[in-house]
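Hi there,

Here is the structure I promised to pass on to you. Have a look at it first, and my notes on its aromatic rings follow below.

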Amino acid sequence: MRPLGSCNNHDLMGGIPWRRARSVIRLLNEVRELGQTTEAARAHLVESLLVVVGAVIGTCVLDVDYRPGAKNSLTKVTLAGFDDTSIALFQAHQSHGACVNPYHVQQINRLSAKPCEVFAATDCDLLTKRDWYSSPWVSDVARPARFDHFVATVRPLDGNHRVEGLSFMRAAADRPFSEEDRDVLHLVHLECAGLYVEQRMGISLAPRVEATLEHLLTGATDKEIAVRLRLSPHTVRQYVKTIFQAYGVSSRAELIARSLRGRTATRQRLA
(Lines give C-alpha, C1' and ligand atoms only; values in the text may rest on other atoms or scores of the structure.)
Protein backbone atom coordinates (compact mmCIF):
# COMPACT_ATOMS: atom_id res chain seq x y z
CA MET A 1 0.00 0.00 0.00
CA ARG A 2 1.21 3.52 -0.83
CA PRO A 3 2.50 5.43 2.24
CA LEU A 4 -0.23 7.59 3.70
CA GLY A 5 -0.13 11.32 3.07
CA SER A 6 2.97 11.09 0.87
CA CYS A 7 1.55 11.45 -2.63
CA ASN A 8 1.48 14.42 -4.94
CA ASN A 9 -1.34 15.04 -7.41
CA HIS A 10 0.52 13.40 -10.29
CA ASP A 11 1.10 10.18 -8.33
CA LEU A 12 -2.55 10.04 -7.34
CA MET A 13 -3.94 10.77 -10.79
CA GLY A 14 -1.86 7.94 -12.22
CA GLY A 15 -3.48 5.46 -9.83
CA ILE A 16 -7.10 6.51 -10.40
CA PRO A 17 -9.12 5.03 -13.30
CA TRP A 18 -9.93 7.55 -16.02
CA ARG A 19 -13.68 7.38 -15.37
CA ARG A 20 -13.24 8.52 -11.78
CA ALA A 21 -10.45 10.96 -12.67
CA ARG A 22 -12.77 12.65 -15.15
CA SER A 23 -15.41 13.04 -12.44
CA VAL A 24 -12.80 14.62 -10.18
CA ILE A 25 -11.68 17.07 -12.88
CA ARG A 26 -15.26 18.10 -13.57
CA LEU A 27 -15.96 18.60 -9.86
CA LEU A 28 -12.81 20.67 -9.36
CA ASN A 29 -13.78 22.95 -12.23
CA GLU A 30 -17.27 23.41 -10.76
CA VAL A 31 -15.86 24.27 -7.34
CA ARG A 32 -13.52 26.86 -8.82
CA GLU A 33 -16.34 28.43 -10.81
CA LEU A 34 -18.37 28.81 -7.60
CA GLY A 35 -15.45 30.52 -5.85
CA GLN A 36 -13.43 27.91 -3.99
CA THR A 37 -13.52 29.50 -0.53
CA THR A 38 -17.26 30.27 -0.58
CA GLU A 39 -19.88 28.31 1.32
CA ALA A 40 -21.65 27.54 -1.97
CA ALA A 41 -18.48 25.91 -3.31
CA ARG A 42 -17.92 23.87 -0.15
CA ALA A 43 -21.55 22.70 -0.10
CA HIS A 44 -21.33 21.63 -3.75
CA LEU A 45 -18.02 19.89 -3.09
CA VAL A 46 -19.26 17.83 -0.14
CA GLU A 47 -22.58 16.92 -1.77
CA SER A 48 -20.82 15.86 -4.97
CA LEU A 49 -18.20 13.83 -3.12
CA LEU A 50 -20.98 11.76 -1.56
CA VAL A 51 -21.54 10.40 -5.06
CA VAL A 52 -17.89 10.33 -6.13
CA VAL A 53 -16.69 8.25 -3.16
CA GLY A 54 -19.99 6.42 -2.57
CA ALA A 55 -20.74 7.83 0.89
CA VAL A 56 -24.00 8.62 2.69
CA ILE A 57 -22.88 11.49 4.94
CA GLY A 58 -20.02 13.93 4.63
CA THR A 59 -18.53 17.04 6.22
CA CYS A 60 -16.15 19.87 5.44
CA VAL A 61 -14.83 21.61 8.56
CA LEU A 62 -12.44 24.23 9.82
CA ASP A 63 -11.05 23.08 13.18
CA VAL A 64 -8.99 25.69 15.04
CA ASP A 65 -7.73 23.34 17.77
CA TYR A 66 -7.20 19.87 16.29
CA ARG A 67 -5.55 18.07 19.20
CA PRO A 68 -6.44 15.78 22.13
CA GLY A 69 -8.76 17.36 24.69
CA ALA A 70 -9.96 20.23 22.50
CA LYS A 71 -13.74 20.78 22.41
CA ASN A 72 -16.08 23.04 20.48
CA SER A 73 -13.23 23.93 18.12
CA LEU A 74 -15.12 23.68 14.82
CA THR A 75 -15.62 27.24 13.64
CA LYS A 76 -16.95 26.45 10.18
CA VAL A 77 -18.90 23.40 9.10
CA THR A 78 -20.62 22.20 5.93
CA LEU A 79 -22.72 19.03 6.25
CA ALA A 80 -24.22 16.81 3.55
CA GLY A 81 -26.59 13.84 3.86
CA PHE A 82 -27.29 14.22 7.59
CA ASP A 83 -30.76 13.74 9.10
CA ASP A 84 -32.19 13.74 12.64
CA THR A 85 -30.60 10.36 13.37
CA SER A 86 -27.16 10.77 11.85
CA ILE A 87 -26.62 14.30 13.18
CA ALA A 88 -25.73 12.70 16.53
CA LEU A 89 -22.40 11.64 15.02
CA PHE A 90 -21.47 15.23 14.30
CA GLN A 91 -22.83 16.57 17.59
CA ALA A 92 -20.67 14.11 19.55
CA HIS A 93 -17.62 15.32 17.63
CA GLN A 94 -18.41 18.97 18.33
CA SER A 95 -19.27 18.46 22.00
CA HIS A 96 -16.46 16.08 22.97
CA GLY A 97 -13.78 17.06 20.47
CA ALA A 98 -12.24 15.33 17.46
CA CYS A 99 -10.70 12.60 19.61
CA VAL A 100 -14.13 11.16 20.39
CA ASN A 101 -13.56 9.45 17.02
CA PRO A 102 -10.68 6.92 17.28
CA TYR A 103 -9.73 7.69 13.69
CA HIS A 104 -8.85 11.27 14.64
CA VAL A 105 -6.75 10.12 17.59
CA GLN A 106 -4.51 8.20 15.20
CA GLN A 107 -4.56 10.91 12.57
CA ILE A 108 -3.50 13.63 15.04
CA ASN A 109 -0.60 11.44 16.17
CA ARG A 110 0.55 10.93 12.59
CA LEU A 111 0.30 14.61 11.72
CA SER A 112 2.31 15.50 14.82
CA ALA A 113 5.02 13.01 13.88
CA LYS A 114 5.20 13.89 10.18
CA PRO A 115 3.41 17.05 9.00
CA CYS A 116 2.31 17.03 5.38
CA GLU A 117 0.29 19.13 2.95
CA VAL A 118 -2.78 16.88 3.01
CA PHE A 119 -3.10 13.68 5.02
CA ALA A 120 -5.61 11.10 3.75
CA ALA A 121 -6.59 7.74 5.25
CA THR A 122 -9.42 5.30 5.79
CA ASP A 123 -10.33 3.81 9.16
CA CYS A 124 -8.73 0.55 7.99
CA ASP A 125 -5.46 2.38 7.30
CA LEU A 126 -5.18 3.61 10.87
CA LEU A 127 -7.01 1.14 13.10
CA THR A 128 -7.64 -2.53 13.62
CA LYS A 129 -11.27 -3.60 13.47
CA ARG A 130 -11.13 -4.35 17.19
CA ASP A 131 -9.96 -0.84 18.04
CA TRP A 132 -12.52 0.73 15.70
CA TYR A 133 -15.52 -1.15 17.04
CA SER A 134 -14.50 -0.91 20.70
CA SER A 135 -14.68 2.88 20.52
CA PRO A 136 -17.79 4.30 22.27
CA TRP A 137 -18.30 6.74 19.37
CA VAL A 138 -18.54 3.83 16.93
CA SER A 139 -20.37 1.32 19.14
CA ASP A 140 -22.77 3.74 20.85
CA VAL A 141 -23.33 6.41 18.19
CA ALA A 142 -22.31 5.34 14.68
CA ARG A 143 -23.49 1.73 14.68
CA PRO A 144 -26.95 2.41 16.21
CA ALA A 145 -27.43 5.03 13.49
CA ARG A 146 -26.39 2.33 10.99
CA PHE A 147 -23.21 4.01 9.84
CA ASP A 148 -19.75 2.51 9.53
CA HIS A 149 -16.53 2.91 7.50
CA PHE A 150 -14.66 6.20 7.54
CA VAL A 151 -12.40 8.10 5.17
CA ALA A 152 -11.05 11.60 5.66
CA THR A 153 -8.44 14.13 4.70
CA VAL A 154 -6.85 16.79 6.90
CA ARG A 155 -4.83 19.79 5.71
CA PRO A 156 -2.81 21.63 8.39
CA LEU A 157 -3.14 25.41 8.02
CA ASP A 158 -0.36 26.48 10.38
CA GLY A 159 1.63 25.30 13.37
CA ASN A 160 -1.11 26.02 15.92
CA HIS A 161 -3.42 23.04 15.39
CA ARG A 162 -5.64 24.75 12.79
CA VAL A 163 -6.77 22.33 10.07
CA GLU A 164 -9.39 21.99 7.39
CA GLY A 165 -10.85 18.55 6.82
CA LEU A 166 -13.14 16.46 4.64
CA SER A 167 -14.68 13.27 6.07
CA PHE A 168 -17.21 10.71 4.86
CA MET A 169 -19.04 7.61 6.10
CA ARG A 170 -20.99 4.79 4.46
CA ALA A 171 -23.93 2.72 5.65
CA ALA A 172 -22.99 -0.11 8.02
CA ALA A 173 -24.14 -2.69 5.48
CA ASP A 174 -21.89 -1.23 2.77
CA ARG A 175 -18.27 -2.15 2.01
CA PRO A 176 -15.27 -0.35 3.54
CA PHE A 177 -13.67 2.51 1.64
CA SER A 178 -10.90 1.36 -0.69
CA GLU A 179 -7.42 2.73 -1.31
CA GLU A 180 -8.78 4.15 -4.56
CA ASP A 181 -11.59 5.95 -2.71
CA ARG A 182 -8.98 7.41 -0.38
CA ASP A 183 -6.80 8.53 -3.27
CA VAL A 184 -9.74 10.22 -4.99
CA LEU A 185 -10.53 12.22 -1.88
CA HIS A 186 -6.83 12.98 -1.36
CA LEU A 187 -6.51 14.33 -4.91
CA VAL A 188 -9.59 16.51 -4.55
CA HIS A 189 -8.31 18.07 -1.32
CA LEU A 190 -4.82 18.59 -2.73
CA GLU A 191 -6.26 20.48 -5.68
CA CYS A 192 -8.81 22.42 -3.58
CA ALA A 193 -6.45 23.45 -0.78
CA GLY A 194 -7.39 25.65 0.84
CA LEU A 195 -11.10 25.44 1.18
CA TYR A 196 -11.00 28.29 3.67
CA VAL A 197 -9.38 31.67 3.16
CA GLU A 198 -5.97 31.95 4.80
CA GLN A 199 -7.17 34.32 7.46
CA ARG A 200 -4.47 34.90 10.00
CA MET A 201 -1.82 36.51 7.79
CA GLY A 202 0.77 36.10 10.57
CA ILE A 203 -1.28 37.78 13.32
CA SER A 204 -2.62 35.97 16.39
CA LEU A 205 -6.22 36.69 17.43
CA ALA A 206 -8.53 35.35 20.12
CA PRO A 207 -10.62 32.40 18.82
CA ARG A 208 -13.93 34.32 18.59
CA VAL A 209 -12.24 37.31 16.96
CA GLU A 210 -10.55 35.01 14.47
CA ALA A 211 -13.89 33.34 13.71
CA THR A 212 -15.28 36.82 13.00
CA LEU A 213 -12.35 37.47 10.67
CA GLU A 214 -13.06 34.26 8.76
CA HIS A 215 -16.60 35.43 8.07
CA LEU A 216 -15.47 38.97 7.24
CA LEU A 217 -13.23 37.61 4.51
CA THR A 218 -16.21 35.90 2.86
CA GLY A 219 -18.00 39.26 2.54
CA ALA A 220 -20.51 38.67 5.34
CA THR A 221 -22.14 41.69 7.00
CA ASP A 222 -21.98 42.39 10.73
CA LYS A 223 -25.58 41.21 11.06
CA GLU A 224 -24.88 37.97 9.19
CA ILE A 225 -21.79 37.31 11.31
CA ALA A 226 -23.76 37.92 14.51
CA VAL A 227 -26.35 35.32 13.46
CA ARG A 228 -23.76 32.76 12.36
CA LEU A 229 -21.64 33.06 15.51
CA ARG A 230 -24.57 33.67 17.87
CA LEU A 231 -23.14 36.98 19.03
CA SER A 232 -24.74 40.38 19.53
CA PRO A 233 -24.25 42.90 16.68
CA HIS A 234 -22.47 45.16 19.18
CA THR A 235 -19.94 42.42 20.00
CA VAL A 236 -19.32 41.80 16.31
CA ARG A 237 -18.69 45.50 15.71
CA GLN A 238 -16.15 45.52 18.54
CA TYR A 239 -14.44 42.45 17.09
CA VAL A 240 -14.30 44.10 13.67
CA LYS A 241 -12.61 47.16 15.20
CA THR A 242 -10.08 44.86 16.89
CA ILE A 243 -9.36 43.15 13.56
CA PHE A 244 -8.90 46.44 11.71
CA GLN A 245 -6.49 47.66 14.41
CA ALA A 246 -4.53 44.38 14.37
CA TYR A 247 -4.03 44.51 10.59
CA GLY A 248 -3.62 48.26 10.27
CA VAL A 249 -6.55 48.69 7.88
CA SER A 250 -9.61 50.94 7.96
CA SER A 251 -12.08 49.04 5.79
CA ARG A 252 -13.19 45.57 4.77
CA ALA A 253 -11.91 46.21 1.26
CA GLU A 254 -8.39 46.85 2.59
CA LEU A 255 -8.56 43.75 4.76
CA ILE A 256 -9.65 41.50 1.88
CA ALA A 257 -7.01 43.04 -0.41
CA ARG A 258 -4.32 42.27 2.14
CA SER A 259 -5.55 38.70 2.46
CA LEU A 260 -5.48 38.23 -1.31
CA ARG A 261 -1.95 39.65 -1.54
CA GLY A 262 -0.83 37.20 1.13
CA ARG A 263 -2.37 34.24 -0.68
CA THR A 264 -0.79 35.31 -4.00
CA ALA A 265 2.64 35.58 -2.37
CA THR A 266 2.23 32.12 -0.85
CA ARG A 267 1.33 30.58 -4.20
CA GLN A 268 4.36 32.25 -5.83
CA ARG A 269 6.68 30.84 -3.15
CA LEU A 270 5.27 27.37 -3.69
CA ALA A 271 5.43 27.56 -7.50
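W137 is buried, at 5% relative accessible area; buried here means under 20%, exposed over 50% and partly exposed in between, with a 1.4 Å probe and protein chains only. This is a predicted model, in which local features need pLDDT of at least 70 and side-chain atom pairs pLDDT 80 or more, while totals for chains, interfaces and linings use all residues. Residues are numbered from 1 along each chain as its sequence is written, and side-chain values use heavy atoms, without hydrogens and water.

On to the ring pairs. Rings of Phe, Tyr and Trp (its six-membered ring) pair if their centres lie within 6.5 Å; planes under 30 degrees apart are stacked, over 60 edge-to-face and the rest tilted. That rule gives four aromatic pairs. In one of them, W132 and F150 have ring centres 6.2 Å apart and planes at 50°, so this pair is tilted. W132 sits in helix α7 (residues 129-133) and F150 in strand β4 (residues 147-156), 18 residues apart. Helices (H or I, at least four residues) and strands (E, at least two) are DSSP runs numbered from the N terminus.

Both partners are buried: W132 has 1% relative accessibility, and F150 has 5%. F150 also pairs edge-to-face with W137, at 6.2 Å between centres and 85° between planes. Finally, Y103, W132, W137 and F150 make up one aromatic cluster.

Best wishes
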